[in-house]
Amino acid sequence: MTPQEVAETALAAAAGTELVVVVDELSSAYLRWIGDEVTSAADTDDRQLTVIALGGGTPGVAAARGALDPAGIRALIAAARRARRPGSAATPPPVTAVDPEWGRPPVPPAAVPARPRSHDHFLFGYAQQCARTTYVASSAGLRRRYGESTALLDQTLRSAGGAVTWTGWCGTDLAEAGYQPPGDRMEAARTRIALPPAAYEVLLSPSCVADLMLRLYAAADARDAAEGRTVFALPGGGTRLGERVSPAELTLYSDPAEPGLSCAPFVVARGTGTSSVYDNGLPLTRTNWITDGVLTALVRDRGTAGATGEPATPEIGNLVLTGPAGGSSLAEMVGRTRYALLVTALWYVRDVDRRTLRLTGLTRDGVYLVEDGRIRCAVNDFRFTASPVDVLGQVREVGRTEPALPREYGEHAIRTAMPALRVADFVLSAVGDAR
Amino acid sequence: MPSVDPAFLALPLATVADAVLSRARVLGARYACCRVQRTRTARLELVDGTVRGTGDSTATRLGVRLAYRGGWGFAAVPELTGPAAVAAVDRAAAVAEACAGVGPPELADEPVHQDATWVSAYRVNPFEVPEAERVAVLADWSTRLGRAPCVRSVLAYYTAVQENTFYADLAGTVATQQRVRVHPVLFAFGEDARTGATAVLRTLGPPTARGWEYLGGDGWDWDAELAALPGELAGKLRAEPVEPGTYDLVLDPSHLWLTLHETVGHATEADRALGHELSYAGGTFVAPDSVGSLRFGSPLMHVTADRTATHGLATVGYDDEGVAAGSWDLVRDGVLVGLQHDRRTAARTGVSRSTGCAYAESAGHVPLPRMPNVALRPVPGGPDTGALIAGVDDGIYLVGSDSFSIDIRRHAFQFTAQRCYRIRHGRLAGQLAGVAYLGETTAFWAALTGVGGPGSYREFGADQCGKGQPVQLSAASHGAAVTRFDRIRVVNTGAGPP
């Protein structure tokens, strides 16, 4: 069956139940290597059908990955019906848009990448090319399709002398991943010195900023804030909307039409995460979460929005941080630095205090001392403990925004574009020895 | 005794296996396996006793792995048919050819296990419990917690997993298995109306390879924990900020399990020691040739690994390379004596047989060495928790795992706990806020000066441990006795009241 036939078969079998179905066609090809050895490589396909039974209370959700036949689809509908919880809460009107793209086939499968090579240094890493096509349909008439290809390249260079540096790239096609060895860092890293824990001015690479901003985005649910569980809650009730969170003119936004970073232009909710299944198919447009340093929106579905009179601002599948026009490249920022630490990547970032979003983590694969406008040498790794919101409050310069691969990316990572940030008084609380 | 789900056995397992292995023979593969895995996952989420989300998902796929023409290849497809299986073999072979390395693929030998069947130890399959009954239990627990004046909000989550695997390889091993695990967990968000202080406490009942009977008290006293939690939360809301410094620590098994997981469990994975995990989850300070010579910690330290513990999350009959489950020592008398291997790392390091640690999250993932159950053994005749605390003049008693962070060599770390109690002159003296302890793995374990007796031994574990690219999740249990560590550096993270 084609994905459209799977969706229509499910809706035809709904027998009076108000249904939303999401069909995902997936392919993934990847290669992992260390030096000359490929440690893992694969070529995989998958299909997933998610059935959501609506109707008043808590929707019932059932999903199946793998081959699907009509009997399996009917069993899934029955499971979704059984999981539905009764209730009388008002629900938003169904979205009924019909996409002209609906009839198109899935995005072609991904091909296994070739192993990148370095003639100068020991190179290890991971390359991945994926395709996902999503079809969303409902018994109310919704028919929407979105297809995308995503790619990432994660590489670490190690010299014979032990100098290490990491680069990450993300985009839509690995063929476009032009690899540029960070020669200045490898040269500087031939010398390594030890520095003590202290508050430093730091230059955070776009990757580091991506890791921090994704944590902030994940904590930006409006209902959790209103109920006092997150950093965006006000003591005693309410949220911090309208509050200045950074002295810098920083804008954090999501936009399905972002060039090079496009994502589904409508809500796709499979019953997990912060998006409401009642919003499936709802058109998405640019949302500014932070505008010129002021918190301007939290992630809010239509149900929550209706209850509070606020506009609906559902989660969107990308995240972009920008500063004032004309931001500098990281190299230019280094050139204007008198004394700071350049941090390439963060690692093992974990909650210390879930309610305040205080995090701890480590640096990895390259911390450098920048002095008098140039990268002088590598230094030891550090631990930090900070909230991303506090980091925004300490920003002193915003670089040029570029696509960024967070070091802690996962299978369902949201694609990001981030600038490097100059952050004052960034407390590096302990020395790590992750060399 | 539970038996393998007939719905899984009704899948065309033999047809697919025949197609895969016949095609692999024709191609001349050195090794080939067919793995069909079906994983069913149920989730529930309640906010203040009201259902906010439910989920019931089933994932079924066929994975084919080959050693062919000097390389390893893997392919996975959703269809369980002969033609799809043959196509998957050809795709895996193409990957293997493209990835051929400098030498032939190596794999440690393993006896053939013909027509093996294994089912984990549980009494009531959680998927046979009506949804309404599952919700009722979680709602009741939430309500009980929510009645306490200091509790502002309660989040409850419940996860149940049934994993079925069918493995067949060219050598003749055929293994069919079923595992079940459950994990209910509640978070109580507290607020002191007078001071405005806020704090969160999580239940400590761990994920476990048991069935629905676990929620009825088999393996964990939920009634006792739910009754005690509001009082502990009230104490946490009044906690005094910790003064940074050096303290003697008494670590409850509910806390130590995660430190053990991060510092010993991950550090002794052979693929990390070989550098295969460097690009993501990281390496380890342990080298393959450290076995038998590296002093890992105090002579009190006896750490075992197994895939056989009755209710262990990593327990199986056979791993995802057809290796029979076993148990072995990782650290004995404080010295590193073993690593965790799959068949590839065993062959690479000259070990004659894999320890059976190959695992893939699904049939769509390439198996890699994953952590077995890892446990710190109690000392016969060792003290109980009270006796260890009584021996500390100036220290902290930590209960329950919380934040964890460790470097890519598994050496420099920081951990926090659900509850931290000041110990003064051998007695508990109220809770502390912001406690995090830092250390370096071998120095930390060298500071181990007390290990409790069998009466203090309890099992906890992780069901969301990530590793590999693409990231795969796995689950492992960790038993531990109560322990004492001397002169450990403690910092104040600034978390929690006031």
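In the predicted model, the axes of helix H1 (residues 3-12) and helix H2 (residues 70-83) of chain A come within 9 Å and cross at roughly 55°. H1(A) is therefore oblique to H2(A), and the crossing in which H1(A) passes H2(A) is right-handed. The residues that meet are A:Val6, A:Thr9 and A:Ala10 on the side of H1(A), and A:Pro70, A:Ile73 and A:Ile77 on the side of H2(A). By class, this contact consists of five nonpolar residues and one polar residue, with no charged residues.

Chain A also touches chain B. In this contact, 66 residues of chain A are in contact with 62 residues of chain B. On the side of chain B, the elements that give two or more residues are the strands S2, S3, S5, S7, S16 (394-406), S17 (412-424) and S19 (435-440), together with helix H3 (82-98). The element that gives the most to this side is S2(B), with eleven residues. The residues of chain B that touch chain A divide into 27 nonpolar, 25 polar and ten charged.

Strand S2(B) is also paired with a strand of chain A. Four bridges join S2(B) to strand S3 (residues 60-65) of chain A, and the two strands run parallel. Within this pairing, B:Asp56 in S2(B) is the bridge partner of A:Ala62.

Chain B itself is divided into two parts, with domain 1 covering residues 6-238 and domain 2 covering residues 241-492. The C-alpha centres of domain 1 and domain 2 of chain B lie 22 Å apart. The contact between these domains takes 42 residues from domain 1 of chain B and 36 residues from domain 2 of chain B. On the side of domain 1 of chain B, two or more residues each come from strands S1 (31-47), S2 (50-68), S3 (71-77), S4 (116-119), S5 (151-169), S6 (174-191) and S7 (198-202), and from helix H5 (222-237). The residues on this side of domain 1 of chain B comprise 18 nonpolar, eleven polar and 13 charged.

Several strands of chain B take part in both contacts. Strands S2, S3, S5 and S7 of chain B give two or more residues to the side that touches chain A, and these strands likewise give two or more residues to the side of domain 1 of chain B that touches domain 2 of chain B.

Methods:
Residues numbered from 1 in each chain as written. Chains lettered and ligands numbered in written order. Predicted model: local features only at pLDDT ≥ 70, side-chain atom pairs only at ≥ 80, totals over all residues. Domains from an automatic or database assignment. Contact = placed C-beta atoms within 7 Å. Nonpolar A, V, L, I, M, F, W, Y, C, P; charged D, E, K, R; others polar. Axes fitted to C-alpha atoms, helices over the stretch in contact; angles between N-to-C directions. Parallel < 35°, antiparallel > 145°, perpendicular 65-115°, else oblique. Left-handed = near helix turned anticlockwise from the far one by under 90°. Pairing = 2+ DSSP bridges.
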